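Hi everyone, thanks for coming.

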Amino acid sequence: MGGWDLDVIYKSSIEELGFENQYCKGCEHKKPRSDDWRWNSKWQNEEIQKHKDIITKIDSI
């Protein structure tokens, strides 16, 4: 059984398709990270705390 390729879902060369094209391009809240940004566990823990209420709701489903 296959799954969704998240890169394909996010990006699309067809303007009307893809999450990025539909919701991200032109968004006033979009704040791209710098080229030297890298994931780390400290960043992830900060994001978990920032979005704790939403994560709790998702986990309760």
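Let me start with a question: leaving out residues up to four places away in sequence, which residues does glutamate 20 touch? The answer is Tyr10, Lys11, Lys25 and Lys30. Before we go on, please keep in mind that this is a predicted model.

Let's stay with glutamate 20 for a moment. You'll find glutamate 20 in helix 2. Is glutamate 20 buried or exposed? Its relative accessible area is 11%, and because the cut-off for buried is under 20%, glutamate 20 counts as buried.

Now please move along to the loop that joins helix 2, residues 19-24, to helix 3, residues 41-50. Asparagine 40 sits in that loop. With 36% relative accessibility, asparagine 40 is classed as partly exposed. And what does its side chain reach? The side chain of asparagine 40 comes to 2.7 Å from the backbone nitrogen of tryptophan 43.

Last stop, the surface. Here Trp4, Leu6 and Ile9 make up a nonpolar patch, and together they have about 410 Å² of accessible area. Let me pick out leucine 6 from that group. Leucine 6 belongs to helix 1, which covers residues 6-10. Its relative accessibility is 64%, so leucine 6 counts as exposed, given that the cut-off for exposed is over 50%.

Terms used
Residues numbered from 1 in each chain as written. Predicted model: local features only at pLDDT ≥ 70, side-chain atom pairs only at ≥ 80, totals over all residues. Heavy atoms only, no water. Helix = DSSP H or I, 4+ residues; strand = E, 2+ residues; numbered from the N terminus. Buried < 20%, exposed > 50% of the residue type's maximum accessible area, 1.4 Å probe, protein only. Polar contact = N/O pair within 3.5 Å; in protein donor to acceptor, adjacent residues only side chain to side chain. Patch = residues over 30% accessible without salt bridge, like charges linked within 9 Å, V, L, I, M, F, W, Y side chains within 5 Å. Areas by Shrake-Rupley, 256 points an atom, 1.4 Å probe, with all protein chains shown as cover. Salt bridge = Lys/Arg side-chain N within 4 Å of Asp/Glu carboxyl O. Contact = heavy atoms within 4.5 Å.
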